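Please look over the model below alongside these notes.

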Amino acid sequence: EQGVWATHRKGQAQLARAYRAAPVVLLFSAVGTDRLQGCCRMEGMPTADRQVAWGCSKRVTQALGDCFPVSWECFSDISTEELNPMNSGKPVTKCRDCQELPADVALRVIAAMRGAPAPPPEAPQNGHHHAMPAEEPGSDHEPEEGG
């Protein structure tokens with residue numbers, strides 16, 4: 001709704017490193033649902049300049065890192081049989097915040113979330129932290145300065 005997101009501080013550092021290297025798309029799964037509810041593209045680095053009243057407990061709010069801008073790609077409510085080899089072969093919905101996915105798995109999941117045919121198995125294998133490349137390799141993504 002506000003075009004921002006935040007994660008725990010360790011996750012914030014992981015996402016910042018990933019964003020400097022390549023486009024990042026985040027997948028969302030509410031705890032206990034075994035389903036995926038949506039995905040968004042990370043549009044900038046975390047910064048203390050962005051403040052949001054999250055409406056959650058003080059303990060949770062204090063554990064969050066800085067906010068970063070996102071653009072929502074899709075909202076869904078799907079189940080998936082996809083497994084994550086980077087997380088001991090567990091289902092992609094069974095993970096901690098900022099769990100990385102291989103690009104081929106992530107691209108299939110995103111396609112399912114969008115209701116589109118899955119990409120072919122020869123999809124790029126260069127998985128990026130915490131989801132997948134948002135665009136095909138060689139895109140013109142340029143990370144923000146200073147972060």
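1. The protein chain holds three helices and six strands; helices (H or I, at least four residues) and strands (E, at least two) are DSSP runs, numbered from the N terminus. Read from the N terminus, the order is β-α-β-β-α-β-β-β-α.

2. This is a predicted model, in which local features need pLDDT of at least 70, side-chain atom pairs count only at pLDDT 80 or more, and totals for chains, interfaces and linings use all residues. Residues are numbered from 1 along each chain as its sequence is written, and side-chain values use heavy atoms, with hydrogens and water left out.

3. Of the chain's 147 residues, 40% count as buried. Buried means under 20% relative accessible area, exposed over 50%, and partly exposed in between (1.4 Å probe, protein chains only).

4. Strand 4 (residues 68–78) runs antiparallel to strand 1 (residues 4–5), and two bridges join them. Two strands pair if DSSP finds at least two bridges between them. Here Val4 has Pro69 of strand 4 as its bridge partner.

5. Strand 4 also pairs with strand 3 (residues 36–42), again antiparallel, over six bridges. In this pairing Cys40 lies opposite Trp72 of strand 4.

6. Which residues form the positive surface patch? They are Lys10, Arg17, Arg20, Lys90 and Arg96. Helix 1 (residues 9–21) gives the largest share, three residues.

7. Arg96 sits in the loop between strand 6 (90–91) and helix 3 (103–114). Arg96 counts as exposed because its relative accessibility is 73%.

Note on methods: Patches are made of residues with over 30% relative accessible area and no salt bridge: like charges are joined within 9 Å, nonpolar side chains (Val, Leu, Ile, Met, Phe, Trp, Tyr) within 5 Å. Accessible areas come from the Shrake-Rupley method with a 1.4 Å probe; for residues, only the protein chains shown count as cover. A salt bridge is a side-chain nitrogen of Lys or Arg within 4 Å of a carboxyl oxygen of Asp or Glu. Lys and Arg count as positive and Asp and Glu as negative; His and the chain ends are not counted. The place of a charge is taken as NZ of Lys, CZ of Arg, CG of Asp or CD of Glu.
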